[in-house]
Amino acid sequence: MRHGLEISCGGASVTVADLVALGSLAERAGWDGVFLEDYLIHHSGDDPPTWDPWLVLAAVAGRTDRVRLGTTVTALPRRRPAKLAREVLTLDHLSGGRAGVAVGVGDPADRGLAAFGEPTDVKTRAAMLDEGLDLLVGLLGGERVTHRGTHYRADAVALRPAPVQSPRVPVWVGGSLQARSVLRRAARADGIVPYKLTDTAGWSDVTPDEVCELVAALPAVRADGQPFDVAIGGRRRRLDERAERAYLGELAAAGATWWLEYVPAGDPAEMRAAVARGPLR
């Protein structure tokens, strides 16, 4: 199981230079991946500074050699799939084949939807995700794509150059563990980034048994023949590191391929310390 960081894309005291430095530090500290949130308006505070993840990741690519780079999660319904594919393919070449992208319907609380007139109805966004996912997967594989749908169109177009990675840049699908539609979409892609709905305001971890169920329900391998990615996490490291290490071991045994530790927006020194301590293997 590989260990990645999910890093806020903004916050009151977070500069773009801070984010680039965190990405570079992550590689030196032994992390396997750097994944940024994707918001037009960050979810913390009033009118917080917010940074574009693809531009930040492009800068990180120039300062690293090994870590995988991507987002968790990009709201595909508020992006043009062809434009997103062009950005991801460019990052794939800048990084020497280390790019990936995770997509979903988007955070219901994302202020960047209604504020810019984007669809907020869940059914509409779900339909756009279903349609856009096929288009994105095809374009990220260098295929010549013809598509005429309700929301998107492509007339026998291919994006060149082809990706560094073969047969395509990996695509993960994010969403609720309880939603069957998320499993259906993920099976058309290369991985899943699930979260767990709860009836409280608190966090609820995905259990090893739930990971086993996910692994059984999803393809065994992705398009490149590698194990289908099951990326679990999305929270800060708990204080009891012995219990945390035991939990991560159980997730790995159950079939999780990634653990993603969250670095929330906050004091830049605290964010650096969270990255510098390295993964808890």
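Is Glu-244 buried or exposed? Here are some notes on this predicted model, starting with that residue.

1. Glu-244 sits in helix α8. With a relative accessible area of 1%, Glu-244 is buried, because the cut-off for that label is under 20%. Setting aside residues within four places in sequence, the contacts of Glu-244 are Arg-235, Arg-236, Arg-237, Arg-238, Trp-259 and Leu-280.

2. The axes of α7 (208-217) and α8 (residues 241-254) come within 8 Å and cross at roughly 20°. Angles under 35 degrees count as roughly parallel, so α7 is roughly parallel to α8. On the α7 side, the contact is made by Pro-208, Val-211, Cys-212 and Val-215, and on the α8 side by Tyr-247, Glu-250, Leu-251 and Ala-254. Sorted by class, this contact has seven nonpolar residues, one charged residue and no polar ones. As for handedness, α7 passes α8 in a right-handed crossing.

3. Not counting residues up to four places away in sequence, Ala-220 touches Gln-226, Pro-227 and Phe-228.

4. Now for the record. An unreviewed UniProt entry places the feature "domain: Luciferase-like" at residues 13-196. In the model, the chain over residues 13-196 is 36% helix and 18% strand. The end C-alpha atoms of that stretch are 29 Å apart.

5. Which residues of α1 and α2 meet? In α1 they are Val-16, Leu-19, Val-20, Gly-23 and Ser-24, and in α2 they are Val-56, Ala-59 and Val-60. By class, the contact of α1 with α2 has six nonpolar and two polar residues, with no charged ones. Helix α1 (residues 16-28) and helix α2 (residues 53-61) pack at an angle of about 45°, and their axes are 9 Å apart. These two helices are therefore oblique to each other. The crossing of α1 past α2 is right-handed.

6. Helix α1 also packs with α9 (residues 268-276): the two axes come within 9 Å and cross at roughly 15°. That makes α1 roughly parallel to α9. Here too the handedness can be stated: α1 passes α9 in a right-handed crossing. Asp-18, Leu-22, Leu-25 and Ala-26 are the α1 residues in this contact, and they meet Pro-268, Met-271, Arg-272, Val-275 and Ala-276 in α9. The contact of α1 with α9 comprises seven nonpolar and two charged residues, and no polar ones.

7. Two peptide bonds deserve a look on your screen. Where does a cis peptide bond involve Val-73? The bond joins Thr-72 and Val-73, with omega about 10°. Val-73 lies in the loop between β3 (68-71) and β4 (74-75). Another cis peptide bond joins Arg-160 and Pro-161, where omega is about 5°. Pro-161 is in the loop between β7 (153-157) and β8 (171-176).

8. Finally, some backbone angles. Asp-47, a residue other than glycine, has a positive phi near 50°. The place of Asp-47 is in the loop between β2 (33-36) and α2, and at 70% relative accessibility Asp-47 counts as exposed. Ala-156 also has a positive phi, near 50°, and is likewise a residue other than glycine. Ala-156 belongs to strand β7. At 40% relative accessibility, Ala-156 counts as partly exposed.

Technical notes. Residues are numbered from 1 along each chain as its sequence is written. This is a predicted model: local features need pLDDT of at least 70, side-chain atom pairs count only at pLDDT 80 or more; totals for chains, interfaces and linings use all residues. Side-chain values use heavy atoms; hydrogens and water are left out. UniProt positions are given in the numbering used here, feature names are shortened, and annotations may be inferred rather than shown by experiment. Helices (H or I, at least four residues) and strands (E, at least two) are DSSP runs, numbered from the N terminus. Contact means heavy atoms within 4.5 Å. Axes are lines fitted to C-alpha atoms, for helices over the stretch in contact, and angles run from 0 to 180 degrees between N-to-C directions. Angles under 35 degrees count as roughly parallel, over 145 as roughly antiparallel, 65 to 115 as roughly perpendicular and the rest as oblique. A crossing is left-handed if the near helix is turned anticlockwise from the far one by less than a right angle, and right-handed if clockwise. Ala, Val, Leu, Ile, Met, Phe, Trp, Tyr, Cys and Pro count as nonpolar, Asp, Glu, Lys and Arg as charged, and the others, Gly among them, as polar. Buried means under 20% relative accessible area, exposed over 50%, partly exposed in between (1.4 Å probe, protein chains only).
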